[in-house]
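Subject: Structure for your review

Dear colleague,

Please find below the sequence and structure that I was asked to pass on to you. A description of what was found follows directly after them.

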Amino acid sequence: NWTMKAFRAQEIEKVRAQVGSGRVICGLSGGVDSSVVAALLNEAIGDQLTCVFVDTGFMRAGESEQVVKVFRDRFNIRLVHKDASDLFLAKLAGETDPEKKRKIIGATFIDVFEEEARAIGGADFLAQGTLYPDVIESVSFTGGPSVTIKSHHNVGGLPDRMNMKLVEPLRELFKDEVRALGRELGLPDDMVGRHPFPGPGLAIRIPGQELTRERLDILRQADTIYLDEIRKAGLYDVIWQAFCVLLPVRTVGVMGDSRSYDYACALRAVTSTDGMTADFYPFDMAFLGRVANRIINEVKGINRVTYDVTSKPPGTIEWE
Ligand code: XMP
């Protein structure tokens with residue numbers, strides 16, 4: 001891709017000019033944007049970069065491991081992987097209110113990130129994967145020139161508190177351009193083409209009940225099966241986002257000769273171009289039946305599967 005080759009070279013020069021011999025911290029989330037920022041900065045300034053990956057414990061199966069494998073082992077980036085899953089669960093104990101959960105997760109994220117940033121001696125710059133649509137959105141919503149940090153895995157407030165300047169090499173790009181740049185930088189295809197995933201992760205896909213490791217594990221297993229079937233059916237790239245929601249209700253079923261009393265889950269899949277509006281995906285019934293069978297047979301704890309046919313609006317993509 002000629003354009004991306006040129007952009008890559010130009011951005012590398014820009015970053016070098018901005019950063020000089022300063023030190024840079026980059027928060028990695030496993031998502032496309034922060035991954036591309038990390039790979040780009042690694043090329044631009046190598047040793048001056050440290051990535052911090054705050055592991056909430058709310059990621060999909062295998063994704064934390066992949067972050068470490070790709071960035072530490074393959075790109076040779078200095079990476080701090082902080083497993084903070086116990087802390088996140090402890091802070092969220094007993095909480096079921098969606099907004100409170102988000103606030104707790106956001107605040108805990110910033111605390112952990114700040115602690116890890118201090119532990120490595122701080123830095124002069126904080127790198128963020130702010131995209132062009134983020135820049136526009138924040139300008140039109142706040143009227144201000146600076147980017148409002150909209151989700152928890154962007155570390156709002158921290159740059160000022162720790163006296164860091166921002167490095168935002170993706171500020172002129174749209175999502176599809178970020179993906180092209182990621183490919184150009186040699187990131188794995190499945191990382192670059194990944195569906196959007198919310199910062200609070202699986203924690204906002206267990207509505208109405210307290211988060212526990214057990215419930216997260218049940219959800220994670222169902223989610224893995226669902227996405228596996230979507231990939232096998234060749235549908236991953238036509239769907240914007242797909243995921244399971246573990247419902248706060250148990251239902252009666254028959255398993256072999258005995259009665260079961262387990263959770264129900266909902267499957268969600270939508271098409272969209274920007275996440276602002278979305279249509280539910282019209283799977284054929286055979287596909288849904290296959291997924292339901294596998295989940296019920298393979299996941300201990302779920303005995304009923306439903307499909308969410310709500311579009312946005314009036315629904316949101318996530319359930320909370
Ligand atoms: P909703 O549910 O509002 O989601 O229709 C729109 C898009 O935003 C994602 N989302 C989030 N992303 N932090 C994030 O980084 C969040 O707190 C958050 N909440 C929703 C959602 O997955 C969808 O892509």
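Please keep in mind that this is a predicted model.

I begin with the residues that carry an annotation. The UniProt entry, which is unreviewed, lists S29, G30, G31, V32, D33, S34 and S35 under "binding site". S29 is located in the loop that connects β1 (24-27) with α2 (32-45), while S35 belongs to helix α2. Is S35 buried or exposed? A residue is called buried when 20 or more other C-beta atoms lie within 10 Å of its own. S35 has 28 such atoms within 10 Å and is therefore buried. S29 has 24 C-beta neighbours inside 10 Å, so this residue is buried too. If neighbours within four places in sequence are set aside, S35 is in contact with L28, G182, L187 and M191.

Next comes the sheet. Five strands make up an open sheet, in the order β3-β2-β1-β4-β5, and their pairing is parallel. Its edge strands are β3 (78-83) and β5 (165-167), each of which pairs on one side only. On average, neighbouring strands of this sheet are turned by 25° against each other, direction ignored. The pairing can be followed in some detail. β1 and β2 run parallel and are joined by four bridges; V24 has L49 of β2 as its bridge partner. Strand β4 (residues 125-127) is joined to β5 by three bridges, again with the two running parallel, and A127 has V167 in β5 as its bridge partner. As for β2, six of its seven residues are buried, which leaves this strand mostly covered.

Helix α5 (residues 98-119) lies across β1, β2 and β3 and runs at about 145° to β2.

Which residues of α5 are buried? They are K101, I105, F109, I110, F113 and A117. These residues cover an arc of only 160° around the axis, and therefore they lie on the same side of α5. K100, A107, R118 and A119, on the other side of α5, are exposed. The elements that cover the buried residues of α5 include β1, β2, α4 (85-91) and α7 (158-161). After α5 comes G121, which has a positive phi, near 90°.

Finally, I note one residue from later in the chain. N293 is found in helix α11 (residues 285-298). N293 is exposed, because 12 other C-beta atoms lie within 10 Å, and 12 or fewer is the cut-off for that class. N293 and R304 are eleven residues apart in sequence, and their C-alpha atoms are 9.2 Å apart in space.

Yours sincerely,

A colleague

Key:
Residues numbered from 1 in each chain as written. Predicted model: local features only at pLDDT ≥ 70, side-chain atom pairs only at ≥ 80, totals over all residues. UniProt positions renumbered as here; feature names shortened; annotations may be inferred. Contact = placed C-beta atoms within 7 Å. Pairing = 2+ DSSP bridges. Axes fitted to C-alpha atoms, helices over the stretch in contact; angles between N-to-C directions. Arc of directions from axis to C-beta.
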